[in-house]
Amino acid sequence: MTIYPLSFHLGPITITGYGIMMMVAFLMAAWAIQVDLQRRGMNQDYAADIVFAAVVGGIVGAKIWYVLLTGEWDALFRRGGFVWYGGFLGGVAGVLAMGWSKRVPARWTMELTGAPLALGYALGRVGCFLVNDDYGIPSTLPWAMKFPEGLPPTTVANLQQLHVVFPPGAIPTEVVAVHPTQIYETALMLLAFAWLWRLRNHRHAVGWRFGVYLVIAGVERFLIEMVRAKDDRLLGPFTLAQLTSILLIVAGVIVMQRLSEPEAAPVAAPPVLRGTTAVDPARSG
C-alpha cells in the first residue's frame, strides 16, 4: 500500500494534514475536559484556559526539544521540527503554570487532563500519518505501507541512516514498506482514553488518573519505539524516547502510589472551578 501526504493550498497558505489534526486534537481534548467539568458541576471555562496554555507551552517545548536534539537552531523559525516529548513537557509546564496563576491546585489540573491527553495524542498521531512522518521499520505484514514522499521517504538509503540494516545489493532508491507506527499509536491511545475515561468513577484521590496516564503513555511509547525507524540511539538499540518513557513510567508510579487512597472527605474544588473569585485576604473583613 502506497500512501502520499495530505496537503493543499488556500491562497498563499499551505494546509497540511498534520496542522488539521493538531487543531482537531486540541479541540477534542478541550471537549473532553469541558464534559468532565460539566459532569462535576464545575466552571467549564477552565477547559479553554487549559487548552490555550497547552498549545503555547507545547509548541515552545516541542521546538526547544527538537533544537537541543538536532542542533538546528534555524528550526525555531520553521513550520516543521517538533518533538512530542518536548511538546508534552512544555504543555504540562504551561498548564500547571496557568493553573498556579489561577490558584488551582496541580492535583485538580492533573485529574482533569489525564484522559484528554490520551485522546489528543491519539488524534495527533493521525496528523503524523497524514504527512507520512514518524513511521516504523520495514515490514512484510499485509498492512505495511510505503511513503515515497514521506519525511523522509521510506527509501533504502534513508532507512539505512535510521539504523535499518538491509542485505547486500539493496537498491538505495527503492521505496520499501514499513510499519505504520502512527496508526498503531492512534489505536492504542484511543483504547487508553476509553479506559481512563471510565476511571472517572473509580474511587481514587484527586490527581490519581494522571499517574495512570503517565504509566500508560510511557509503556506505549517504549514498546512502539522497538518498531520505529529512529536515529537517536543512546545505548545500543535504545532511543532517547525510550529513556524518557522510563522516566514517565517512574513518575506515574510515584503519583499513583501517593494518590492511591481516596480522601476521607471530598476535596473541595478551588474557587475558579466553582465559578467564583478567590477572596483576597487583604480586602476581607
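Let's start with a count: this predicted model has 11 salt bridges. The exercises below visit some of them, and then a pair of helices.

**Exercise 1.** Which residues form salt bridges with Asp36, and is Asp36 buried or exposed?

*Solution.* Begin with Arg40: its closest N atom lies 3.1 Å from an O atom of Asp36, and the two form a salt bridge. Next comes Arg209, whose side chain meets that of Asp36 in a salt bridge, also listed at 3.1 Å from N to O. Asp36 sits in helix H1 and Arg209 in helix H7 (residues 208-224), so this pair ties together parts 173 residues apart in sequence. Now look at accessibility. Asp36 has 1% relative accessibility and counts as buried. Arg209 is buried too, at 1%, whereas Arg40 is partly exposed at 26%.

**Exercise 2.** Which network does the salt bridge between Arg228 and Glu225 belong to?

*Solution.* First, the closest N and O atoms of Arg228 and Glu225 are 3.4 Å apart. Arg228 is buried, with a relative accessible area of 4%, and Glu225 is buried with 1%. Then follow the shared partners: salt bridges join Arg125, Asp134, Glu185, Arg221, Glu225, Arg228 and Lys230 into one network.

**Exercise 3.** How are helices H1 and H2 arranged relative to each other?

*Solution.* The axes of H1 (residues 17-39) and H2 (residues 45-70) come within 8 Å and cross at roughly 150 degrees. Angles over 145 degrees count as roughly antiparallel, so that is how H1 and H2 run. The crossing is right-handed. Residues in contact include Phe26 and Leu37 from H1, and Tyr46 and Val55 from H2. By class, this contact has 10 nonpolar residues, one polar and no charged ones.

Methods
Residues are numbered from 1 along each chain as its sequence is written. This is a predicted model: local features need pLDDT of at least 70, side-chain atom pairs count only at pLDDT 80 or more; totals for chains, interfaces and linings use all residues. Side-chain values use heavy atoms; hydrogens and water are left out. Axes are lines fitted to C-alpha atoms, for helices over the stretch in contact, and angles run from 0 to 180 degrees between N-to-C directions. Helices (H or I, at least four residues) and strands (E, at least two) are DSSP runs, numbered from the N terminus. Angles under 35 degrees count as roughly parallel, over 145 as roughly antiparallel, 65 to 115 as roughly perpendicular and the rest as oblique. A crossing is left-handed if the near helix is turned anticlockwise from the far one by less than a right angle, and right-handed if clockwise. Contact means heavy atoms within 4.5 Å. Ala, Val, Leu, Ile, Met, Phe, Trp, Tyr, Cys and Pro count as nonpolar, Asp, Glu, Lys and Arg as charged, and the others, Gly among them, as polar. A salt bridge is a side-chain nitrogen of Lys or Arg within 4 Å of a carboxyl oxygen of Asp or Glu. Buried means under 20% relative accessible area, exposed over 50%, partly exposed in between (1.4 Å probe, protein chains only).
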